[in-house]
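Please look over the sequence and the model shown below before reading on.

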Amino acid sequence: GSIETREVHSAVAFVSARREWLDGKQNERVEVEAQKTESGLVPTHLALGSCHRGGATSGFTVSEFTPAGKLLVPSGSSSKGLHLHCCCYMEPFTILHKASSRKTDKISTGTGKSRTTRRIDLTASLPASTDISDVNAAESNERHYSNMRMEAFEAVWSSTESSIKDVLREANATIFSEIHEWVRDSFDTIVSFGVPNFHEATQPFPVVKDATSKQIFTGLVLTRNIEFVDDLVTFEDLKQHLKSQGCHVANLSSVDFSSKNGVGTCLRSLLGQFVTGSLDTADISMLATWYKEQQNNDNPVVIIIDDMERCCASILSEFIHMLSEWVLKVPAILIMGVATTVDAPRNVLPSNALHRLHARKFTFQSLPEKMNYVVETAFVKQSSEFTISHKTAVFMRNYFVHQNGSVTSFIRALKIACAQHFSTQPLCFILHWFLRDEDNEVPQSHIYGLSQERMLKLAFDLPSWKSTNNQITQLSGETLLDGLTQLKKLHKTWRMVVLCLYEAIKGENVQLLDLMCEALDPKGPFASQFDIGSRVLPSDDSTSQKFHSLEKNKGLINRAIRRVKELPANQLLVLMKAWEKHTVDVPEFHSEVKALVLSLLKLEENGESLNQNKVEMTNTRKQALRGHLNGADKNLRVANEKASNLVDLMVRRYMCPVECVALHEVLCFDCVDQLQAALIGDMRRRIQMDLQDFHAIIRCSCCSKRGSTILPSMPDSSIMYTLAQEHGDVVNVHDWYQSFKSVVLSTHMVSKRGKSRSKQHSPTPKKRKTTSELSQPSEASIQARFCKAIVELQVTGLVRMPNRRRPDYLQRLAFGS
Amino acid sequence: RKAKLFPPVPPLSFLHSFWSDGEQTPESRTFHSAAFCRPAMEINDGEEEEEFEFSRNYFLAKELGGSSKKSGRKISDIDPVDEQELRTAANNLEPKHEREVASLMESYKASYPEWGFMLRTGFGLLMYGFGSKKALIEDFASTSLTEYSVVVINGYVQSINLKQVMVAIAEVWWDQLKAKRRNSPSQAQQPFNSRSIDDLLAFMDGQEADDDKSFVCIIVNNIDGPGLREPESQHLLARIASCTHIRIIASIDHVNAPLLWDKKMVHTQFNWYWYHVPTFAPYVVEGVFFPLILAHSSTAQSAKTAAIVLQSLTPNAQSMPIESLYAASRERFLVSSQVTLNSHLTEFKDHELVKTRRNADGQDCVYIPLANDGLQKLLPEINP
């Protein structure tokens with residue numbers, strides 16, 4: 001930033017005056033204010049930062065910080081003339097730059113240094129375009145390619161995101177229409193109490209009838225989420241749904257019901273959503289006026305409160321009272337999200353407010369159900385081919401189960417994974433190619449800044465390709481195309497199998513995500529035959545059979561296989577019908593499943609006819625019948641066996657984890673550490689680790705011999721932090737200072753030794769000069785370093801300043817390892 | 001092991017009970033943990049170990065603090081140097097590892113394209129790690145975000161008027177919009193500074209832009225700084241950040257900074273994407289408003305301050321013995337009336353040279369909040 005210097009001959013400047021001042025316009029005003037306070041003490045907010053910053057030390061002395069953060073400057077300095085260095089660092093906000101249509105315009109303002117490094121970066125990342133000498137051209141190319149990659153990402157992600165959104169909305173469709181029906185009924189009831197006549201409607205006070213007409217119809221919605229973040233999404237959907245049905249809908253959140261601001265805030269927020277134009281005052285009569293002015297008054301006003309339990313009870317009850325007084329003029333219907341139990345309003349609201357509510361309960365889908373929908377859409381039925389590795393899936397699962405518990409955050413994690421994939425994987429654009437379904441054409445790499453040769457090289461250098469296709473020497477576009485087609489096919493069949501397995505155990509309260517993690521495992525018991533390098537089915541199944549039997553009692557896949565074996569006829573039929581749908585793309589299975597369905601249908605027909613016969617049967621014929629029934633049992637068992645064999649075969653032949661397929665890196669995200677780092681910033685730990693292991697980060701030569709010793713060359717804050725470890729939760733400032741000082745002074749012992757040695761060996765004048773400069777640091781500088789280090793530890797929140805009770809101690813706030 | 005040492009902390013135990021209790025009424029906010037089998041592979045095993053280390057350290061530190069003999073040494077025993085000298089020294093400190101810090105900063109340049117990509121995909125970038133990140137973020141913005149307008153908010157400044165900031169952002173966005181479609185007639189605009197916050201938010205969130213990919217980038221240096229620490233400020237920032245045409249890059253330094261936000265803000269509004277970028281650059285501007293510990297509490301310092309105040313007062317006030325009451329002052333012809341005394345006392349009170357408190361009988365008493373040694377140092381200075 002630019003630093004402007006102004007000389008002010010009196011020692012006062014107020015912050016309010018500062019901006020004008022920078023423009024050089026209102027010096028007078030500054031001086032006028034200065035004369036007002038000629039007491040010799042000058043309160044000013046001014047830019048001490050610049051004094052520290054520029055190294056150009058100011059000509060004034062700062063003697064005191066007042067608690068408000070003001071500086072007191074002694075008047076002595078004013079006689080000398082006070083140099084105040086103002087710079088943008090102390091502005092609350094600045095505009096760094098405005099958008100430039102052409103990038104090159106702006107580059108000229110940057111330093112030459114950054115520009116050259118940028119060129120180096122570019123050529124490094126763009127080996128294909130080395131012949132382009134012009135930096136600008138390369139830059140604009142790079143920008144173009146990154147835009148293309150961005151587009152590819154957006155296409156892939158939006159296809160996933162929109163299908164997830166759709167499925168979540170669909171999942172709520174029934175309950176939404178139920179709510180809408182109730183809203184309509186409630187509205188009709190309100191209207192039946194009486195519509196205010198013209199005279200009544202124009203009065204600025206409510207219409208009063210009997211007590212029953214004061215009731216507010218209230219829908220208590222059990223959201224059954226863990227995090228209210230998910231509720232927000234649901235309520236937003238509900239709002240859109242009701243709006244599309246013609247209702248007037250407003251959303252209020254618990255922030256609007258805070259005790260700090262009173263009921264005015266929520267009224268203002270409510271009015272803001274209906275009435276256009278600026279509002280000076282918020283009054284419910286304005287809402288009534290607004291409602292009267294609507295074209296047709298056939299629609300209710302629905303007010304959705306996201307999380308009723310987080311609202312301030314008194315404000316909420318006041319709000320309810322107000323609404324109930326006005327309900328005939330503003331037919332309001334409340335929908336309140338409840339996170340715990342339907343008893344919540346009883347616990348939160350006073351009884352007089354409760355009496356005004358006419359409540360009804362609605363229940364949304366539970367979180368595991370929603371999660372299953374999301375996983376199914378995102379990974380199993382997805383429209384884009386993007387997927388995640390086993391490790392990533394396990395991480396995301398743990399993140400969901402142990403850390404977050406919200407569907408929204410799970411989707412967000414998936415988006416981060418997808419974005420990271422697109423920013424790190426140079427071949428990511430192939431996902432876009434998959435999406436567009438141009439199977440018979442080699443992906444157009446050049447529009448993403450990769451020549452075809454480069455793309456082929458990248459693809460055939462992928463570890464998965466190298467380990468599977470050593471023998472193929474002819475590396476052409478067709479080979480890549482074949483590989484990709486194969487990849488797509490195997491991925492598709494994997495999804496088919498997972499879907500079939502999931503159908504089989506759906507009823508058992510099983511999470512699809514768990515099943516997916518198991519099915520993705522490239523080292524799992526079922527994946528052994530898909531080991532990279534032997535994609536052909538092994539002729540001898542004994543090894544996998546052994547695995548199979550070993551793991552028999554474990555895992556969801558085995559559970560699914562077992563369950564298929566034990567299903568009763570009618571459920572088996574339902575399952576097979578579902579499979580029939582899923583297996584369409586694999587004719588081999590499709591036909592077998594079809595045959596099974598037919599035989600089961602036949603079985604069922606027989607069973608029904610038997611049941612009918614049963615009634616008419618005489619005792620004498622029972623014997624024969626039992627034989628017949630046994631036959632049916634046997635048939636069922638045969639069908640079970642067949643289905644079980646089928647699923648077994650399916651798992652072993654087609655459930656190839658994506659990580660076992662050549663070229664899978666193109667569509668499979670695997671940088672789980674990167675994902676974790678982006679998702680969960682471990683602030684508290686990382687700051688302390690930075691201070692402890694600073695050497696690993698800055699890689700200096702002076703602090704390399706790190707053991708447990710504290711070296712004086714370490715950053716002061718690191719020294720201080722390490723020293724603080726020896727203290728308890730409070731640190732005596734004096735002791736801390738003394739140990740800091742001894743560490744700092746130990747440098748000079750070391751350097752003295754070094755000096756004498758260097759004198760013996762090579763007494764070059766240059767060296768002598770440097771060593772002689774290393775004189776003992778002054779007491780003041782050690783103290784200043786100590787103070788600065790404490791300030792830095794305060795900024796990072798690791799220590800707190802002494803309080804009045806313990807003026808000589810600092811409080812430690814974090815306890816690192 | 002953990003359970004023994006670590007009594008349940010509310011937020012965690014809250015979650016844990018949800019995951020572990022299968023037995024809950026259907027009405028309750030249930031999650032059937034039974035539905036999830038044990039994880040096939042615990043990736044964060046090592047982390048739990050570390051977490052355990054942290055909690056152990058906490059108890060060790062507490063124990064140490066309680067049991068060990070506390071050192072009774074005072075700050076004044078350090079014998080702090082003169083404040084002016086201290087500040088001069090503090091301003092002229094030689095930075096350590098300057099070269100390494102510079103090359104560390106340089107090394108982050110390789111990540112600029114990725115940061116830009118993440119920003120454009122809609123995430124807010126949250127930079128953390130030891131060292132000032134102001135220069136780094138602003139360098140990133142001025143090299144990689146030239147096609148977007150960039151507004152910088154400095155959270156380390158003591159007070160920030162976010163409404164003003166919003167007006168500035170809205171103006172910048174309006175300029176950007178105007179530049180995009182030069183030929184279209186610019187519609188009549190209400191000046192931004194007279195609009196309400198909701199209007200401004202709606203404008204930044206609006207669908208007016210032809211291409212919805214363009215945005216204004218906001219850099220918030222120290223979003224956890226003193227000027228923005230109020231919940232209201234954070235809520236407003238979150239609402240700004242969630243606007244369609246706004247992207248945010250922020251830096252945090254305080255270990256407890258994440259406590260400023262709830263999950264709604266983190267996951268849906270700010271939409272943070274964490275980057276660990278330690279710079280080890282000195283916290284210069286960030287530390288401006290923190291007092292230097294040795295400049296603050298020493299008796300010499302307060303004596304000096306007192307001397308400065310006293311010297312600059314009228315002669316009568318200077319020579320007045322502070323502990324004397326009105327009668328004594330009158331006796332010595334220092335003041336002629338109660339009003340004059342009061343005006344002197346008010347002056348002293350304003351500069352905290354005297355304070356008043358009420359004694360057991362309910363009388364107002366004046367006292368000097370300086371230590372004895374401070375007074376001793378002071379007297380020779382004002383009576384040479």
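## A covered helix in chain A

How many of the 9 residues of helix α22 (residues 512-520) of chain A are buried? The helix is mostly covered, with 8 of its 9 residues buried, where buried means under 20% relative accessible area, exposed means over 50%, and partly exposed lies in between (1.4 Å probe, protein chains only). Helices (H or I, at least four residues) and strands (E, at least two) are DSSP runs, numbered from the N terminus. The buried residues of α22(A) are Leu512(A), Leu513(A), Asp514(A), Leu515(A), Met516(A), Cys517(A), Ala519(A) and Leu520(A). They pack against several elements of chain A, among them α15 (367-380), α16 (390-404), α17 (407-424) and α24 (556-566), where a contact means heavy atoms within 4.5 Å.

## How the model is described

This is a predicted model, in which local features need pLDDT of at least 70 and side-chain atom pairs count only at pLDDT 80 or more, whereas totals for chains, interfaces and linings use all residues. Residues are numbered from 1 along each chain as its sequence is written, chains are lettered from A and ligands numbered from 1 in the order in which they are written, and side-chain values use heavy atoms, with hydrogens and water left out.

Chain B has 17 helices and 7 strands, and 47% of its 384 residues count as buried. Among the contacts in chain B with a separation of 6 or more, 76% come from residues 24 or more positions apart.

Helix α8 (residues 162-180) of chain B packs with α9(B) at an angle of about 30°, their axes being 10 Å apart; here axes are lines fitted to C-alpha atoms, for helices over the stretch in contact, and angles run from 0 to 180 degrees between N-to-C directions. Residues making the contact include Trp173(B), Trp174(B) and Leu177(B) of α8(B), together with Leu200(B), Phe203(B) and Met204(B) of α9(B). The residues of this contact divide into 12 nonpolar, no polar and 1 charged, where Ala, Val, Leu, Ile, Met, Phe, Trp, Tyr, Cys and Pro count as nonpolar, Asp, Glu, Lys and Arg as charged, and the others, Gly among them, as polar.

## Salt bridges within a chain

A search of the whole structure finds 31 salt bridges over all chains, a salt bridge being a side-chain nitrogen of Lys or Arg within 4 Å of a carboxyl oxygen of Asp or Glu. In chain B, the side chains of Arg239(B) and Asp198(B) form one at 2.8 Å, N to O. Arg239(B) lies in helix α10 of chain B and Asp198(B) in helix α9 (residues 197-205) of chain B, so the pair ties together parts that are 41 residues apart in sequence. Arg239(B) is partly exposed at 37% relative accessibility, and Asp198(B) is partly exposed at 47%.

In chain A, Asp585(A) forms a salt bridge with Lys492(A), with the closest N and O atoms 3.9 Å apart. This pair links distant parts of the chain, 93 residues apart, with Asp585(A) in the loop between α25 (569-582) and α26 (587-616) and Lys492(A) in helix α21 (residues 477-505). Asp585(A) counts as exposed at 54% relative accessibility, whereas Lys492(A) is partly exposed at 41%. Asp166(A), Arg169(A) and Asp237(A) are linked in a network of salt bridges.

## Where the two chains meet

The size of an interface is often given as the accessible area lost when the parts come together. Between chain B and chain A about 13200 Å² is buried, of which carbon and sulfur atoms give 63%; this buried area is the accessible area (1.4 Å probe) that two parts lose on being put together, summed over both. The contact takes 134 residues from chain B and 161 residues from chain A.

Between chain B and chain A the count is 5 salt bridges. In one between Glu232(B) and Lys260(A), the N to O distance is 2.7 Å, and the pair crosses from helix α10 (residues 231-241) of chain B to the loop between β8 (248-252) and α10 (263-274) of chain A. Lys98(A) forms a salt bridge with Asp175(B), the closest N and O atoms being 2.7 Å apart.
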